[in-house]
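Open the model in your viewer and keep the sequence panel beside it.

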Amino acid sequence: MTERDEGDRLTETDVLVVGGGVVGCCAAYYLARWGVDVAVIDRDGINGQASGVNAGSLHLMTVSRFFKSRDPLWVAGRNRLLPLVKAAVETWRELAGEVDRDIELVLDGGLMVAETEGQLRMLEEKAEEERSHGLNVDVVTGSDLGTIAPYVSDSVIGAAFCAKEGKVNPILATGAVARGAERAGARFLQGTELLALETDGAGFEARTSRGDIRCHRVIDAAGAGAGAVAAMVGVRLPIESHARHMNVTEAAPPLIKHLVQHSDRMLSMKQAARGNVVIGGGWPAAFDTATGRPDVIKKSIKGNLGVARSVVPGLGPLRLLRTWAGMLTLTPDGDAILGEVPGVPGFYLAVPPNPGFTGAPICGRLLAERIAGKSTTFDLEAFSVERF
Ligand SMILES: Cc1cc2nc3c(=O)[nH]c(=O)nc-3n(C[C@H](O)[C@H](O)[C@H](O)COP(=O)(O)OP(=O)(O)OC[C@H]3O[C@@H](n4cnc5c(N)ncnc54)[C@H](O)[C@@H]3O)c2cc1C
């Protein structure tokens, strides 16, 4: 990626994207390809935060705890989310065919497993709702389950199966999209922090750690920092960030074909292209206020691996290679917050849904469509921050 020195300093752009995570890079990718002058700044490096440390799961099925909620905010959020993530996975598929390297996209399907009759009933109800939104989900038990997923433990009595779920390698994907954006004309400035944003109605003066940048529009794709960026123009963004834990085992021969989640326990796992098994599912990590970075806690290593091994006994002999933590940003209804903020012309929010890595390309694309004056494939107003 471009690293500019003082002599080559960026002073002006049409669209300034704050945040070089997957959302900001996808927005820049589409904008640049559609001829819009765009620059991305990141206080860190490209893909240095959540986008580079996540589990790489492409989720379509509704998370159980969202489904169980009767809160009207959550119900509306999850209903909007289903079509969005379906479009997102399609966008990942297109992107995988366009970028300059293999991003290890595999759509072999996902399983959400049940170990009790109650969990299985919940999955059946959930699958019915998912099917009503056009997402094909089957609940499989007995020999059907054994045929699809011979690797799961006898304690698993059934599972919801969605053939379109899958995975992408998060270490490779965002960089590949960023390079595509750069080739199309987007400029990238790493180590450049947005410190303040001033607007005069006709545009913005972005005060950064490497000088001022004049721009017409700003996309706030700052992940866990998006609230602080929004606050610079007086917008309250109701998001929360939590430190979350991940593990990866040594490489093993093919064992787990699918993305595997649990219907009631914190688990998501998959086997990466090189054979390593990536295990997560929302186990907590600590947040070190001194370094401003998340940090692993031992209890989560034990707890997460314990659930993983109880669902896939074949993991037993595999050694743990590495653990890490990242900041997961959540919205109050699980859905994306997108679009121009009423009252702040030219200021666009780009907060992906939960699941954010899954949803990122469609979020970036929708904003780019709006800014480039194309017809948008979704009604962006439905994702407005005004709903809170
Ligand atoms: C452990 C973990 C596992 C996850 N697993 C999955 C998964 O399997 N599937 C899934 O769909 N989602 C998953 N997620 C969620 C997903 O990773 C995030 O939703 C997504 O990566 C968010 O992308 P982003 O571009 O919005 O944010 P980020 O990747 O965090 O990028 C934001 C960027 O903004 C920069 N920035 C912030 N403030 C400023 C500023 N003032 N000036 C300049 N730059 C700034 C940061 O340095 C950062 O690079 C997981 C998250 C975590 C933490």
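Start by selecting Asn47, in the loop between strand S2 (38-42) and helix H2 (50-53); helices (H or I, at least four residues) and strands (E, at least two) are DSSP runs, numbered from the N terminus. Residues are numbered from 1 along each chain as its sequence is written. This is a predicted model, in which local features need pLDDT of at least 70 and side-chain atom pairs count only at pLDDT 80 or more, while totals for chains, interfaces and linings use all residues.

Most residues other than glycine have a negative phi, and most peptide bonds are trans. Is Asn47 buried or exposed? Asn47 counts as buried because 24 C-beta neighbours lie inside 10 Å. The cut-offs are as follows: a residue is buried if 20 or more other C-beta atoms lie within 10 Å of its own, exposed if 12 or fewer, and partly exposed in between, with C-beta atoms placed from the backbone.

Next select Glu104, in the loop between helix H4 (72-98) and strand S4 (110-114). Glu104 is not a glycine, yet its phi is positive, at about 60°. Glu104 is partly exposed, having 18 other C-beta atoms within 10 Å.

**The whole chain**

Zoom out and colour by secondary structure: the chain has ten helices and 20 strands. Along the principal axes, its C-alpha atoms fill a box of roughly 65 × 40 × 40 Å. A compact globule of 388 residues would have a radius of gyration near 21 Å, and the chain agrees with this at 21 Å. That radius is taken over C-alpha atoms, and the globule rule is 2.2 Å times the number of residues to the power 0.38. Of the 388 residues, 49% count as buried.

**Two domains**

Colour domain 1 (9-52 + 171-239 + 333-387) and domain 2 (110-163 + 240-329) separately; these bounds come from an automatic or database domain assignment. The C-alpha centres of domain 1 and domain 2 lie 31 Å apart. How many residues of domain 1 are in contact with domain 2? Seven residues of domain 1 are in contact with six residues of domain 2, where contact requires C-beta atoms, placed from the backbone, within 7 Å. The side of domain 1 that touches domain 2 divides into four nonpolar, three polar and no charged residues. Here Ala, Val, Leu, Ile, Met, Phe, Trp, Tyr, Cys and Pro count as nonpolar, Asp, Glu, Lys and Arg as charged, and the others, Gly among them, as polar.

**Around the ligand**

Select the 42 residues around the ligand; Gly21, Gly223, Gly225, Pro355 and Gly356 come nearest. A residue is near a molecule if its C-beta atom, placed from the backbone, lies within 6 Å of it. Elements that give two or more residues to this shell are helix H1 (22-33), S2, H2, strand S12 (240-251), strand S18 (320-330) and H10. By class, the shell has 19 nonpolar, 18 polar and five charged residues. Domain 1 and domain 2 both give residues to the shell, so the ligand lies between them.

**Helix H1**

Select H1, where eleven of the twelve residues are buried, so this helix is largely enclosed by the rest of the structure. Among the buried residues are Val22, Cys25, Cys26, Tyr29 and Tyr30. The end C-alpha atoms of H1 are 16 Å apart, which agrees with the 16 Å that twelve residues should span at 1.5 Å a residue; the expected span is 1.5 Å times one less than the number of residues. Just after H1, Gly35 has a positive phi of about 85°.

**Pro355 and helix H10**

Move to Pro355, in the loop between strand S20 (347-351) and helix H10 (356-371). The peptide bond leading from Asn354 to Pro355 is cis, with omega near 20°. Select H10 next: 14 of its 16 residues are buried, leaving the helix mostly covered.

**Ser241**

Finish at Ser241, which is found in strand S12. Ser241 is partly exposed, with 18 other C-beta atoms within 10 Å. Leaving aside neighbours within four places in sequence, Ser241 is in contact with Ala224, Met327, Leu328 and Thr329. Draw a C-alpha distance from Ser241 to Thr331: the two are 90 residues apart along the chain and separated by 9.0 Å.

Conventions: Two residues are in contact if their C-beta atoms, placed from the backbone, lie within 7 Å.
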